[in-house]
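This report describes a structural model in terms of its domains, selected helices and loops, and its ligand surroundings. The sequence and the structure are shown first.

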Amino acid sequence: MLISFLTLFFAKLNALQIISATIVFFLSITLITLYFYKKRIAEIKLIKEIIEYIRKNKFSSSNEIKLPNSLSELESEIKKMYDKMISDIAHLKKLEQIRTEFLGNVSHELRTPIFAIQGYIETLLNGAIEDEKVNRTFLQKANQHVINLNNLLNDLIDISMIESKQMKMSLRFFKIAPFLESVVNEFIPYAEKKNIELKLLPIDSNIEVFGDKERLRQVMNNLITNAIKYTEKGSVEVGIIEYDKNVRIFVKDTGIGIPEKDLERIFERFYRVDKNRSREMGGTGLGLAIVKHIIEAHNSKVEVKSQLGKGSEFSFLLKKI
Ligand SMILES: Nc1ncnc2c1ncn2[C@@H]1O[C@H](COP(=O)(O)OP(=O)(O)OP(=O)(O)O)[C@@H](O)[C@H]1O
Ligand SMILES: [Mg+2]
């Protein structure tokens, strides 16, 4: 149809007219191409400028990135890329800050016992070793700091193993009653020393839970140590609540409690509500961070309820048979 129309059209024109029509035709094509070429060049220049601005960090938000309407899809992709880049950088900065803080905390915590040990040894060497009244006490104190140092290093090794996902979990079903009995029994002398009643509430001896027994022992040791450590008078109760598919294990004390504002931070590494008080007791603030990681490795979460001056309750769910 089109071909027959063009043949008819050209058949009616003379040679001169054909030449001028062809020239006009090619001229218009050239002009149109030139127009689009210039437009593309301008767009590419704009994109280049935007990339340069991003590289030189000159935008304060992705809203400042603007491209013509014809490039709206590209504009939206550049904006997404910019936002992702900004959030990645913020994340990296945060990690860097955490790493620096962690190193600072570790050095500080290592320095405390090392200085103390050094102090006792120097005093002993300077003559106190001959003084029957103090020599044993100083050695015992130095020894206590060596124990604290050792505990700190073990906690640090645990934290780094857990966080680098090198800690292997050995998950299986085991009877919860004898497990909790053995953990609680270990702490009875410690509780008695502080005049605190430590009791295990009655548990059905057939219940089996799913978890890594040795890691859960570490969790219970940390929670019970804290409960006794941060309780001046009253009791510490350990028990379970049975549900359909789960068991909630809890450690409840009548101790000093935790202020509301600190509740969400106590699981952070090195976080202590009262740094001096905790450090006096040999605490470094790593216990609950380890507890949190181990419970998370069981696909569960540590819950905490606490009232200042009244007491605290830590608990977590485990799967049962
Ligand atoms: N049962 C509790 N009652 C009151 N405060 C608690 C209790 N458990 C934990 N805390 C608070 O949470 C902080 C963090 O506990 P976490 O067990 O991590 O550290 P820590 O006991 O100070 O030291 P570590 O366990 O490393 O020896 C404690 O310093 C304490 O302030
Ligand atoms: Mg602790």
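## Ligand surroundings

By class, the shell around ligand 1 consists of 10 nonpolar, 10 polar and 4 charged residues; in this scheme Ala, Val, Leu, Ile, Met, Phe, Trp, Tyr, Cys and Pro count as nonpolar, Asp, Glu, Lys and Arg as charged, and the others, Gly among them, as polar. Of these 24 residues around ligand 1, Arg272, Val273, Gly283, Gly287 and Leu288 come nearest. Helix H6 (213-229) and helix H8 (287-296) are the elements that give two or more residues to this shell. A residue is near a molecule if its C-beta atom, placed from the backbone, lies within 6 Å of it. Helices (H or I, at least four residues) and strands (E, at least two) are DSSP runs, numbered from the N terminus.

## Basis of the model

This is a predicted model, in which local features need pLDDT of at least 70 and side-chain atom pairs count only at pLDDT 80 or more, while totals for chains, interfaces and linings use all residues. Residues are numbered from 1 along each chain as its sequence is written, and chains are lettered from A and ligands numbered from 1 in the order in which they are written.

## Domains and their contact

The protein is divided into domain 1 (13-87), domain 2 (101-163) and domain 3 (172-319), with bounds that come from an automatic or database domain assignment. The C-alpha centres of domain 2 and domain 3 lie 26 Å apart.

Between these two domains, 10 residues of domain 2 are in contact with 9 residues of domain 3; contact requires C-beta atoms, placed from the backbone, to lie within 7 Å. On the side of domain 2 that touches domain 3, helix H3 (72-125) and helix H4 (135-163) each supply at least two residues. H4 gives the most to that side, with 6 residues. The residues of that side divide into 4 nonpolar, 3 polar and 3 charged.

## Helix H5

Helix H5 (residues 176-193) has 18 residues and reaches 27 Å from its first C-alpha to its last, close to the 26 Å expected at 1.5 Å a residue; the expected span is 1.5 Å times one less than the number of residues. H5 bends by about 35 degrees at Phe187, and Pro189 follows within four residues. The bend is the angle between axes fitted to the seven residues ending at a position and the seven starting there.

The buried residues of H5 are Ile176, Leu180, Val183 and Val184. A residue is buried if 20 or more other C-beta atoms lie within 10 Å of its own, exposed if 12 or fewer, and partly exposed in between, with C-beta atoms placed from the backbone. The buried residues of H5 pack against several elements, including strand S1 (172-175), strand S4 (235-242) and H6. After H5 comes Asn195, whose phi is positive, near 60 degrees.

## Asparagines with positive phi

Asn57 has a positive phi of about 60 degrees although it is not a glycine. Asn57 lies in the loop between helix H2 (15-55) and H3, and counts as exposed because it has 9 C-beta neighbours inside 10 Å.

Asn299 likewise has a positive phi of about 60 degrees without being a glycine. Asn299 is placed in the loop between H8 and strand S6 (303-307), and is exposed, with 11 other C-beta atoms within 10 Å.

## Ile78

Ile78 is found in helix H3 and counts as partly exposed, because 18 C-beta neighbours lie inside 10 Å. Leaving aside neighbours within four places in sequence, Ile78 is in contact with Ile50 and Ile65. Ile78 and Ile54 are 24 residues apart in sequence and 9.8 Å apart in space, C-alpha to C-alpha.
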